[in-house]
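I opened this notebook to record what I looked up about charged pairs and surface patches. The entries follow the order in which I took up each topic.

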Amino acid sequence: MADYQFGKGAGDVLFEGDIRFVLSRTKRIRQVWSGEDRLVTLRASDGFFTLGIKGAERIHRLFPAPLLRVVVVDDAVPFVSQGKTAFAKHIVSVDPALRAGDEVLITDRNDNLIATGQLLLSPQEVMATGQGPGVNVRSGILKESKDWLRDDTSDESDDTSDGSDDTSDGSDDTSDGSDDTSDGSDDTSDESDDTSDGSDSTSDETENLIKHSIVLFSLFIIHVSGRLNFWIIISFYSITSINSYQLILCIHTEGKTMVKEIPFFNIGEALMGTGSELAHVDLMIGDKKGPVGQAFATGMTQLSAGHTPLLSVIRPNLPTKPSTLIVPKVTLKKGADTAKIFGPAQSAVAKAIADAVEEGIIPKDIAEDIVVVASVFIAPDAEDYSKIYRYNYGATKLAVKRALTGFPSIDKVLEESNKSTHAIMGFKVSRLWNPPYLQVAFDTTSLDFVLRAVRELPQNDHLLIEAGTPLIKSYGVNVISKIREARPDAFIVADLKTLDTGNLEARMVADAAGDAAVVSALAPISTIAKFIDEAHKTGIYAVMDTLNCQDPVAVMKDLKKLGSLPDVVELHRAIDLEHTKPRWDCIDDIKKISPKTLVAVAGGVKLETVPDALKAKADILVVGRAITGSKDIRNTAEQIIAKIGNPEIDQFRVMTDFWRPGKAGYFSVLSELKIRLKADPEIPDLPFFFLQPQVWEICFLSVVIEFVFEFAFNFVLGLFLSLLLILFLSFFVRLFVFGCFLFFPWFSGFLRFFVYCRSVR
């Protein structure tokens, strides 16, 4: 069978040596082992073999490349080798003789075996499409998957030929695909060598049992006595996790405890310095047994030209601790480039890590258990070694601190994402996040006037520029580029008033470097939706102009059903109707439908009507002739901006904002899926601990329950005992019992402990 499936000679090589067969309960061959290594599993559905890693290694040695091979790119090697799916876009080549469904060997470009699995597509489909999963990986070289427990067994029993006499007690072809090994073995009651993964996990189970026992004991102490110091309880979490760096979550639910482990893996980033010597450091920090440790090992062994990783050393023969791997971001093309990395940068990173340990940022007692991977940028034209050292030292140290304190928080990211400007971009991308704004509309056909007026407008991040419909009709959307040259940082709105081909016109504005495009609310709903979707796809704002639209709220409701809401709704009164009262009464209705949508008002807005527009809750005030037709454009615009009363952002603060966490930063409670490692050197005798929302809830509730329980328990129990004593005991006995409650706290505690144990049981 092996020769038929893989090729001539496969059976001799695959099953040589000390071979052991594992049988199903129906006495059919299910697996073939060599010692403690699984070679193959026999699929019950078709009789073909699925390979284990050791079996794949034997086949790999027998058949030369490209036979039975699927080759993946270097970037995918770490993931595929862990047993994760190999996607078609990561596959470089496939043996053309293979067919979909065949067992394959997955290798890197150097023909090193990294995994084995089942080819999902034909070789031609894999190379032609480049999309979707290409190989269903069963086992990786770094992790023997337990998917072989199922190995494609069919829903129907393989015992159909001899009846269903074994199905009642768990046939090896059950509907869940299990082949009698779902419980970890074939008849594990008397055969210990048939465990599910063949590995010795006794020591790990013992270690986990001890850890979980300590955690459960700590929770017991919390519930029994809320008077214990909170930090003593957190110390239990620190002690139980200090060696493995895995967060243990304990959640009490109906007397049961659920224990879950999450690996320690944190990321930090920092930019420091100026000029060519500017330093930018990205780093990962985590335990050696987790993903960071795997990345560390991969970086040491998977070398690429010009980006050779190196260990950080303070000086030759003195590597830092925790062990740190430096990965150059810029290709090292000549000796001078190499000297910068192997000299000041290498020493700076190492010294920063060592000082972080000395200062307590990284606890000293874990330095041997964790590793750091730092990606370092050194510009090819950097020359000053002193600046290279100092900038990289500061950036590395700051990146480590940020990694261990969870900077930035998601709230910080959302707050700053619309404020900040990347220093190297050279220009600012404006976003509408802090209304109200002033939008100056240029409804004219004179480009010279527009460019001159644009330069006269004040520099303010609450001022928008609109290329009006007459201007665009005269010069096309390319007029946006002309305005961009005059005001590189401006937020430019293209007033197209699109009525058809919505996606095409939105794309035209984006290609011309506009920030927002306008579609008419009179267009078909499908056109408006396509316009909005294309605008969002290209990263610009979609504005819906309601000029002559009788019911903007109804249009918004229709768009909400389609899931395509505009970023701005412009309540536009026509120039020919400026003698009428503006329709600003529907602003609240629009915001109820879409709270994030901004509302702009246009048509006859001037300095005197600004307070009325703001009172109506308008977010954008579109002003045309009141500014463009004035004698002093700059002064008029400044007066309206002053009326709006929205100050500019302090751009200097944004550019130099290196958030330094205080007590609140270290102890902030994160969301359930964003659990991070916490470290605070300010707390004595507790350098390292883990926090998670449920832990805070347990401790808080325990304190509350303790106080409530203290009063209610003593009161109810005291009243009950008093009644009994009145009936059956003398006055002196009653006095003695009450005395115990009053003067011996341990007596009350003992009764509470007894009641608690009964409730838990």
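Entry 1. I began with burial and noted that glutamate 103 and arginine 138 are both buried, where buried means under 20% relative accessible area, exposed over 50%, and partly exposed in between, with a 1.4 Å probe and protein chains only. I record here that this is a predicted model, in which local features need pLDDT of at least 70, side-chain atom pairs count only at pLDDT 80 or more, and totals for chains, interfaces and linings use all residues. Residues are numbered from 1 along each chain as its sequence is written, and side-chain values use heavy atoms, with hydrogens and water left out.

Entry 2. I then looked up how the side chains of glutamate 103 and arginine 138 meet, and found a salt bridge of 2.8 Å, N to O. A salt bridge is a side-chain nitrogen of Lys or Arg within 4 Å of a carboxyl oxygen of Asp or Glu. Glutamate 103 belongs to strand 8 (residues 103–107) and arginine 138 to strand 10 (residues 133–140), so the pair ties together parts 35 residues apart in sequence. Strands (E, at least two residues) and helices (H or I, at least four) are DSSP runs numbered from the N terminus.

Entry 3. How many salt bridges does the structure hold? I noted 16 salt bridges.

Entry 4. I turned to glutamate 534 and arginine 507, whose side chains meet in a salt bridge at 2.6 Å, N to O. This pair links distant parts of the chain, with glutamate 534 in helix 16 (residues 525–538) and arginine 507 in helix 15 (residues 502–511), 27 residues apart. Salt bridges with shared partners join Arg507, Glu534 and Lys537 into one network. Glutamate 534 is buried because its relative accessible area is 10%, whereas arginine 507, at 34%, is partly exposed.

Entry 5. I next examined glutamate 57 and lysine 54, which form a salt bridge of 3.9 Å, N to O. Both lie in helix 3 (residues 53–62), and because they are three residues apart, about one helical turn separates them. Glutamate 57 counts as partly exposed at 23% relative accessibility, and lysine 54 is partly exposed at 35%.

Entry 6. Last, I looked up a nonpolar surface patch and found that Phe21, Leu23 and Ile29 form one, with about 270 Å² of accessible area together. Patch members have over 30% relative accessible area and no salt bridge; like charges are joined within 9 Å, and nonpolar side chains (Val, Leu, Ile, Met, Phe, Trp, Tyr) within 5 Å. Phenylalanine 21 lies in strand 1 (residues 20–23) and counts as partly exposed at 49% relative accessibility.

Terms used: Areas by Shrake-Rupley, 256 points an atom, 1.4 Å probe, with all protein chains shown as cover.
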